[in-house]
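This report covers selected local features of one protein model. The sequence and coordinates come next, followed by notes grouped by region.

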Amino acid sequence: MAYYYMEPSRTFSEFLLVPNLTTKACNPANVSLKTPLVKFKKGEQPAYSLNIPFSSAVMQAVSDDRMAVALARSGGISFIFGSQSVESQAEMVRKAKSYKAGFVVSRSNLTPDHTLKDVLELKERTGHSTVAITHDGSPNGKLLGIVTGRDYRVSRDSQSKSVADFMTPFEKLVYGKSGITLSEANDLIWDHKLNCLPVVGDEGNLEYLVFRKDYDEHKVNPMELLDANKSYIVGAGINTKDYRDRVPALVAAGVDVLVIDSSDGYSEWQKDTIEFVKSNFPQVKIGAGNVVDKEGFQYLVDAGADFVKIGIGGGSICITREQKGIGRGQASALIEVSAARDAYYEQTGEYVPICSDGGIVHDYHITLALAMGADFVMMGRYFARFDESPTRKLKVGNNFVKEFWGEGSNRARNWERYDTGGKAGLMFEEGVDSYVPYAGSLQENMSKTLHKIKSTMCNCGSISIPELQRNARITLVSATSIVEGGAHDVILKENNIAGE
């Protein structure tokens with residue numbers, strides 16, 4: 001006989017937070033949103049933590065290298081979409097990882113015998129305005145000079161002009177010696193008003209470049225999510241079909257965290273994928289999912305997942321529930337899995353973070369998800385609205401919108417995400433092709449959302465996510481009280497009530 005869940009499947013909109021005592025310490029400025037990204041043992045620190053509990057969805061319309069940089073700059077993580085060729089996804093990871101760093105291995109190098117035309121072509125191809133000139137054109141050749149945009153004038157200089165004739169030669173460069181610390185390098189940059197400091201070895205070979213912009217950016221964005229080399233932490237999505245080819249390429253590109261992107265994570269294919277990564281690339285962390293109950297969570301944890309993603313069918317462009325009758329209300333799924341996670345921690349001393357993926361309509365839903373036990377949330381529609389998402393901005397009627405489509409749509413053609421071992425192809429859609437209202441820049445919008453979360457946490461008497469999870473009081477609401485909670489029985493002067 002089938003098993004029946006007789007309790008209704010609940011969504012976030014069916015709950016409200018009940019205020020606790022707001023102490024004098026409960027000021028939004030005192031609230032920390034730091035949260036673990038990957039599993040850790042009791043008394044230890046996780047290998048990776050987020051400075052804000054946000055990740056962007058593994059979607060073509062959301063997460064490319066530009067979004068990865070923008071979100072890491074703000075303290076979150078983006079998982080670059082995997083429904084593209086291995087080579088193009090690896091290149092996106094590489095771009096995001098090399099966008100900034102402390103000590104950078106030079107990726108734009110020429111010899112003195114090259115020409116201005118070669119410099120301009122290299123700049124067009126890489127986007128780099130600083131070119132290291134080495135004896136053999138390699139990243140670690142003997143440094144002979146540097147070329148920047150200040151060394152030539154395109155309007156006057158011939159493109160056949162030799163690099164040797166306009167580069168800043170080595171003897172005129174300020175440089176650091178091998179073994180210099182990042183702090184010492186930044187001091188040299190500051191003292192000599194430099195934009196770039198080369199670091200060379202005893203034989204004069206180039207080792208690294210250190211850029212002023214990276215130092216300046218960290219001062220402007222102190223919440224940046226950085227690795228040990230001061231590069232942005234970057235995630236990437238993979239599937240359970242081509243992981244043997246995709247994962248090595250992503251690791252070579254420098255990816256920090258992987259996540260298996262699937263509509264249903266409670267499968268043996270996910271177990272195989274996790275085991276492959278753990279056996280061959282133990283330094284790389286991997287999340288798995290999606291699941292909606294304690295059994296699915298436990299299966300993926302036993303397989304070795306570093307975090308588990310919760311949610312089936314709750315995304316704004318997802319029609320899995322309509323098409324297949326599979327899924328569960330996001331709140332119900334999160335409540336059950338959170339309890340299973342806490343029980344597992346008590347039994348084993350190992351904490352496995354959970355990510356709530358889907359079901360976020362209003363900003364307060366994020367706070368509810370955290371209170372219900374999520375360590376961080378994954379959002380697609382939220383990020384698709386911003387300048388930093390990879391889709392086109394269009395004018396439809398009198399409003400600007402951005403394109404937004406699901407990975408289960410025919411447009412995405414991401415059949416691997418929904419593969420169950422049968423025919424290789426998308427037999428029916430589990431996602432739609434749509435628009436979302438254009439909202440502007442990520443930083444401006446997310447700052448408002450984060451302030452709402454912090455303010456609500458203060459109302460709940462909490463200044464950290466673990467404290468919120470311990471102390472939150474949550475109540476079910478009736479259909480009538482949902483109506484009561486919005487503007488009602490008045491004539492609005494203008495429609496300025498927004499969800500996000």
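Which residues form a nonpolar patch on the surface, and how much accessible area do they have together? The patch consists of Met 1, Tyr 4 and Met 6, with about 520 Å² of accessible area together. The model is a predicted one.

Tyr 4, one of the patch residues, belongs to the segment before β1 (15-18). Its relative accessible area is 53%. Since the cut-off for exposed is over 50%, Tyr 4 counts as exposed.

Helix α3 spans residues 116-126, and its buried residues are Leu 116, Val 119, Leu 120 and Leu 122. Around the axis they cover an arc of only 160 degrees, so they sit on the same side of α3. Glu 124 and Arg 125 are exposed on the other side of this helix.

Helix α4, residues 182-191, has Ala 185, Asn 186 and Ile 189 buried. Viewed down the axis of α4, these buried residues fall within an arc of 95 degrees and therefore line one face of the helix. Trp 190 and Asp 191 are exposed, on the face of α4 turned away from its buried side.

## The sheet β11-β12-β13

Three strands make an open sheet in the order β11-β12-β13, and the pairing is mixed. Its edge strands, β11 (176-177) and β13 (206-211), each pair on one side only. Between β11 and β12 (residues 196-200) there are two bridges, in the parallel sense. Within this pairing, Lys 177 is opposite Val 200 of β12.

## Positive phi at two lysines

Where does the chain take a positive phi just after α4? The residue is Lys 193, with phi of about 55 degrees, a positive value in a residue other than glycine. Lys 193 is in the loop between α4 and β12. With a relative accessible area of 73%, Lys 193 is exposed.

Lys 230 also has a positive phi, near 65 degrees, and is likewise a residue other than glycine. Lys 230 lies in the loop between α5 (212-220) and β14 (235-238). Its relative accessibility is 38%, so Lys 230 is classed as partly exposed.

Strand β17 covers residues 307-310. Phe 307 and Lys 309 point one way from the strand, while Val 308 and Ile 310 point the other way. Buried or exposed: how do these four residues of β17 count? All are buried, Lys 309 included.

Strand β17 has parallel pairings with β16 and with β19. Four bridges join β17 to β16 (residues 285-291), and in that pairing Val 308 is the bridge partner of Ala 288. From β16 the chain passes through helix α8 (residues 294-303) to reach β17, and this β-α-β crossover is right-handed. Three bridges join β17 to β19 (residues 354-357), where the bridge partner of Val 308 is Ile 354.

Which peptide bond is cis, with omega near 10 degrees? This bond runs from Gly 289 to Asn 290. Asn 290 is part of strand β16, the strand that is joined to β17 by four bridges.

Leu 250 is in helix α6 (residues 243-253). At a relative accessible area of 0%, Leu 250 is buried. What separates the C-alpha atom of Leu 250 from that of Ala 90, given that the two residues are 160 residues apart along the chain? The separation between these C-alpha atoms is 5.1 Å.

Ser 441 is placed in the loop between β23 (433-437) and α13 (442-459). The relative accessibility of Ser 441 is 22%. Buried means under 20%, so Ser 441 counts as partly exposed.

Terms used:
Residues are numbered from 1 along each chain as its sequence is written. This is a predicted model: local features need pLDDT of at least 70, side-chain atom pairs count only at pLDDT 80 or more; totals for chains, interfaces and linings use all residues. Side-chain values use heavy atoms; hydrogens and water are left out. Buried means under 20% relative accessible area, exposed over 50%, partly exposed in between (1.4 Å probe, protein chains only). The arc is that of the directions from the helix axis to the C-beta atoms. Patches are made of residues with over 30% relative accessible area and no salt bridge: like charges are joined within 9 Å, nonpolar side chains (Val, Leu, Ile, Met, Phe, Trp, Tyr) within 5 Å. Accessible areas come from the Shrake-Rupley method with a 1.4 Å probe; for residues, only the protein chains shown count as cover. A salt bridge is a side-chain nitrogen of Lys or Arg within 4 Å of a carboxyl oxygen of Asp or Glu. Two strands pair if DSSP finds at least two bridges between them. A crossover is right-handed if, with the strands pointing away from the viewer, the path from the first strand over the helix to the second runs clockwise.
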